[in-house]
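Hello,

Here is the structure I promised to pass on. Please open it beside this email, and then read on for what turned up.

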Amino acid sequence: MRSATPPATDAPRSALATVRAYVALTKPRIIELLLVTTVPTMVVAARGLPDWWVVTATLIGGALAAGSANTINCYVDRDIDEAMARTAHRPLVTDAVDPVAALRFGIVLGAAAVAWLAATVNLLSALLALAAILFYVFVYTVGLKRRSTQNIVIGGAAGCMPVLIGWAAVTGEVGLPAIVLFAIVFYWTPPHFWALALKHRREYAAAGVPMLPVVAGPEETARQIWFHSVAMVAVTLMFGAIGEMGLLYLAAALMLGGRFLALAWQLRREPDERLAMRLFRYSISYLGLLFVAMALDALVSGPPAPTI
């Protein structure tokens, strides 16, 4: 006689698929990139190894906050994601997660992030995390993404918040060095994202998103990438003085920045997709290596000499 009970393996497989879908909503790869800037910032702020618990608690809170913003972004942009091949696999497009459930999940993650940071780190870091979530959702996703070519320039400020959160977690304040670190990521974001948008400009056009390559064309986008790259490298060198960094950081900033400018200049001269993706891939390595260099410099140099 055939049993009416489904095989025991079906339920676990379904549960695992559901968990994976919810994790995908948070865009883990973007979270990783954001957290790459947090730990080195904390090392620089402490001028050495910060308390391991503060680092762990900050990373947990930062991951929750970023996951919240990304999940709500998926909810708002599910129509755009459906129209683009690059994002057509996302859980809300494939019906792996109900939209209302996704929105609730994003809100819960955000509330958990703020509560966690306030309880385990400090109130300032919690408020900065809340500001990052609200800015990304309402200023970038809802306000700018579908309306302005400057969407990623202004909206990208949300992705700069991890450095402020990391600095505040260690020092309890947001000092001038933290603001300069914010500026580094701020100027890095447009070249990084516009390079990718050059590759996918036809998809953005089909989805009705006015990304700069869609509205202004590849040549103007490449020109803007160059200008923002120059500003970014200039700010990284400025941080050497303001952050009281040593020769290790300065050498890394010059070498890494020189390579970034070379790729940006090549793209400006020949704004094609191949060169755009080369710059995009390098931009990820650039940011990680730059922040690792500043952390190593802080560990090697130790606290700055007291002024008399």
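This is a predicted model: local features need pLDDT of at least 70, side-chain atom pairs count only at pLDDT 80 or more; totals for chains, interfaces and linings use all residues.

Let's begin at one residue: tryptophan 52 is exposed, with a relative accessible area of 63%. Here buried means under 20% relative accessible area, exposed means over 50%, and partly exposed lies in between, using a 1.4 Å probe and protein chains only.

Residues are numbered from 1 along each chain as its sequence is written, and side-chain values use heavy atoms, with hydrogens and water left out.

Back to the rings. A search of the whole structure finds 12 aromatic pairs. Tryptophan 52 and tryptophan 53 form an edge-to-face pair, with 6.2 Å from centre to centre and 75° between the planes. Rings of Phe, Tyr and Trp (its six-membered ring) pair if their centres lie within 6.5 Å; planes under 30 degrees apart count as stacked, over 60 as edge-to-face and the rest as tilted. Ring pairs also join Trp52, Trp53 and Trp116 into a cluster.

Now for the whole chain. The protein chain has 13 helices and 0 strands; these are DSSP runs, numbered from the N terminus, with helices (H or I) of at least four residues and strands (E) of at least two. Buried residues make up 50% of its 308 residues. Along its principal axes, the C-alpha trace spans about 85 × 50 × 35 Å.

Which helix is largely enclosed by the rest of the structure? Helix H8 (residues 161-171) is, because 9 of its 11 residues are buried. The buried residues of H8 are Met161, Pro162, Val163, Leu164, Ile165, Gly166, Trp167, Ala168 and Ala169. What covers them includes helix H2 (28-46), helix H3 (52-76), helix H6 (123-144), helix H9 (176-199) and helix H13 (273-301). After H8 comes glycine 172, whose phi is positive, near 80°.

One more item concerns contacts, meaning heavy atoms within 4.5 Å. Of the contacts in the protein chain with a separation of 6 or more, 74% are between residues 24 or more positions apart.

Enjoy exploring!

Best wishes
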